[in-house]
Amino acid sequence: MLNNVCDVCKESKTVHTNRKTGKKICISCYRKDPSNHEKCSVCGNMGRVAIRHINGDVICDTCRSKARRKDRSKHEKCSICERVKFVAKRNEAGEAICEVCNKVLIGKDTTKHGICFVCKKEKNVEKNKNGLAVCKSCKNKAYYHNPSKHKKCSKCGEVKPVAKRDKNNEPICPMCWRRSKVGRCTSCRKKNVIKAKGLCHTCFK
């Protein structure tokens, strides 16, 4: 492992040498490489192998991450918001940082800012498959307007973008997924999308 230029995205990152091809590749490009993907035994989707059982069954990154999030024994007190949550990252002192606080830190990190080639605004950006800087908002808009990414919703029956999948891996559109999350907040008592612990997004912050 060394700091060098990735042969795929051409960015200066920490890279590994691919044993199959001999090319230097960063972890982001490695995860996106279809040749490293197999069918997950849990969700049935093609994805990067995170765990391989003795019987040969594989579990993808997404399913392993979901299992870790649900495992309370893996949760710790966040050093920023002080809530007991899933650990997304650790600071230099080794203290836990939850996913919500980590996203806030990433948004404030000016080293990851750039000009989005779509909206032309300076935001937190990442490179797309063509090597162009794009913000999360524009990336999501492109996904939702791409017909090849649309599936028949298992709830309303309409062909729409996929927001989530249920336990049976059936697609759920953004509207139906949002409706399923609406409830009465235990704090402000208003009807809203429930974030966690019975609290709406506003009260959960």
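Reader: Starting with Glu76: what does its relative accessibility make it count as?
Author: Glu76 counts as partly exposed, because its relative accessibility is 31%. Buried means under 20% relative accessible area, exposed means over 50%, and partly exposed is in between, using a 1.4 Å probe and protein chains only.

Reader: Okay, and what kind of model is this?
Author: It's a predicted model, where local features need pLDDT of at least 70 and side-chain atom pairs count only at pLDDT 80 or more, while totals for chains, interfaces and linings use all residues. Residues are numbered from 1 along each chain as its sequence is written, and side-chain values use heavy atoms, leaving out hydrogens and water.

Reader: Which residue does Glu76 meet in a salt bridge?
Author: Arg90, at 2.6 Å from N to O. Glu76 sits in strand β7 (residues 75–77) and Arg90 in strand β8 (residues 84–90), so the pair ties together parts 14 residues apart in sequence. A salt bridge here is a side-chain nitrogen of Lys or Arg within 4 Å of a carboxyl oxygen of Asp or Glu. Helices (H or I, at least four residues) and strands (E, at least two) are DSSP runs, numbered from the N terminus.

Reader: How many salt bridges does the structure hold?
Author: Seven. One of them joins Asp61 and Arg48, with the closest N and O atoms 2.8 Å apart. That pair links distant parts of the chain, with Asp61 in helix α2 (residues 61–70) and Arg48 in strand β5 (residues 46–52), 13 residues apart.

Reader: Are those two buried or exposed?
Author: Both Asp61 and Arg48 are buried.

Reader: What about Glu126, which side chain does it meet?
Author: Glu126 meets Lys139 in a salt bridge, at 2.6 Å from N to O. They also link distant parts of the chain: Glu126 is in strand β11 and Lys139 in helix α4 (residues 136–144), 13 residues apart. As for networks, salt bridges that share partners join Arg48, Asp61 and Arg64 into one.

Reader: New topic: how many helices and strands are there?
Author: Six helices and 19 strands. Buried residues make up 23% of the chain's 205 residues.

Reader: And what does Lys167 count as, buried or exposed?
Author: Lys167 counts as exposed, because its relative accessibility is 87%. It's found in the loop between β15 (164–165) and β16 (171–172).

Reader: Last one: how big a box do the C-alpha atoms fill?
Author: Roughly 55 × 45 × 45 Å, taken along the principal axes.
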